[in-house]
Amino acid sequence: MDSRKSQHVSCLESASEGILRFSRSEQFMEWIVQSLFTHLKAEHVSIAIHDASRNLFVIRHSSGRKCIPKYLVALDQDSPIVRWFKHTNFDTETVETVEHPMTYQNFAYHITEDSPILLTELDRYHIDVCAKIETHERLIGYLLIGPQESGKLYTKDDLTYFQALANDIAIEIEKEEYYHSSHSDPLTGLWNRQYLDQKLDALMNRASQRGAEFAVAMLDLDNFKSVNDRFGHLLGDQVLKITAEMIRGTLRP
């Protein structure tokens with residue numbers, strides 16, 4: 001096994017350990033970006049994640065000499081780079097390629113009427129490889145990698161390695177989302193009773209060990225029953241959502 005491939009294997013093993021080690025997907029993605037940047041000697045490494053509220057892909061983590069803007073024109077839901085990965089009406093070879101990271105050369109080879117916008121942006125920000133971060137249900141984002149400072153093109157093994165890391169990122173994000181959904185209230189997004197019980201147990205154990213104290217604040221909405229009775233439960237739900245937003249906006253993270 002050559003040294004490059006050996007480095008890939010070592011990094012993938014570390015990524016697998018990282019899925020267990022990091023408690024948050026943001027920490028894991030930051031580690032992936034820094035590891036790849038150091039390992040590849042690339043101009044930059046970035047991760048763009050879909051923001052459902054804006055329906056855009058937002059650069060969440062980036063490292064390197066090239067500054068990547070927060071929003072890329074080529075990374076919105078209607079852009080050619082997104083549609084590229086969804087197309088099934090190309091020739092067989094292209095459809096198979098869609099399952100793997102796409103390189104700048106791939107995009108340049110298959111010219112469409114939208115290609116100039118896409119190629120201009122990829123070229124401007126030196127994006128040489130684009131790997132999908134996706135689950136079986138949806139496209140979560142992209143792992144974007146700049147060219148190597150040596151000028152060498154990435155090999156097929158490199159592209160396979162990039163996609164494996166993108167898959168690990170998807171697993172970590174999906175795991176975190178599953179945990180949040182099982183420990184939060186679906187209406188307000190606030191933590192639920194199950195999470196409260198776990199958190200209180202942990203706080204009491206820590207307080208007991210350190211001889212510390214802590215306080216619990218409880219809130220009650222005045223006359224909330226009359227809101228439901230008079231205006232209906234749909235409006236009552238809206239009141240709860242607004243209240244949850246006010247609480248989130250008031251407290252520290």
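Mentor: Happy to. Let's begin with pockets: a pocket is an open set of grid points with protein on both sides within 12 Å along at least five of seven lines, and its lining residues have an atom within 4 Å of a point. Keep in mind that this is a predicted model.

Trainee: Which residues lie nearest the centre of the largest pocket?

Mentor: Those are L190, W191, Y195, I247 and L251, out of 30 residues that line the largest pocket. The space inside comes to about 1,700 Å³.

Trainee: Which helices each supply at least two residues of that lining?

Mentor: Helix α8, covering 193–210, and helix α10 do. Sorted by class, the lining holds 18 nonpolar, 6 polar and 6 charged residues.

Trainee: How many helices and strands are there in the protein chain?

Mentor: You'll find 10 helices and 6 strands. The chain has 253 residues, and 37% of them count as buried.

Trainee: Now helix packing. At what angle do the axes of α9 and α10 cross?

Mentor: For a pair like this, look at the angle between the N-to-C directions, which runs from 0 to 180 degrees. Here α9 (residues 224–231) and α10 (residues 233–250) cross at roughly 145°, and their axes come within 7 Å. On the α9 side, the contact is made by F224, V227, N228 and F231, while α10 brings H233, L235, G236, V239 and L240. By class, that contact has 6 nonpolar residues, 3 polar ones and no charged ones.

Trainee: Is N223 buried or exposed?

Mentor: The cut-off for exposed is over 50% relative accessible area. N223 has 60%, so it counts as exposed. H126, at 30%, is partly exposed.

Trainee: And why does E213 count as exposed?

Mentor: Because its relative accessibility is 79%. E213 is also found in the loop between α8 and α9. Along the chain, E213 and L203 are 10 residues apart, and their C-alpha atoms are separated by 9.1 Å.

Notes. Residues are numbered from 1 along each chain as its sequence is written. This is a predicted model: local features need pLDDT of at least 70, side-chain atom pairs count only at pLDDT 80 or more; totals for chains, interfaces and linings use all residues. Side-chain values use heavy atoms; hydrogens and water are left out. Helices (H or I, at least four residues) and strands (E, at least two) are DSSP runs, numbered from the N terminus. Contact means heavy atoms within 4.5 Å. Ala, Val, Leu, Ile, Met, Phe, Trp, Tyr, Cys and Pro count as nonpolar, Asp, Glu, Lys and Arg as charged, and the others, Gly among them, as polar. On a 1 Å grid over the protein atoms alone, a cavity is a set of points where a 1.4 Å probe fits but cannot get out, and a pocket is an open set with protein on both sides within 12 Å along at least five of seven lines; lining residues have an atom within 4 Å of a point. Grid points are joined across faces, edges and corners, and a volume is the space filled by probe spheres set on the points. Buried means under 20% relative accessible area, exposed over 50%, partly exposed in between (1.4 Å probe, protein chains only).
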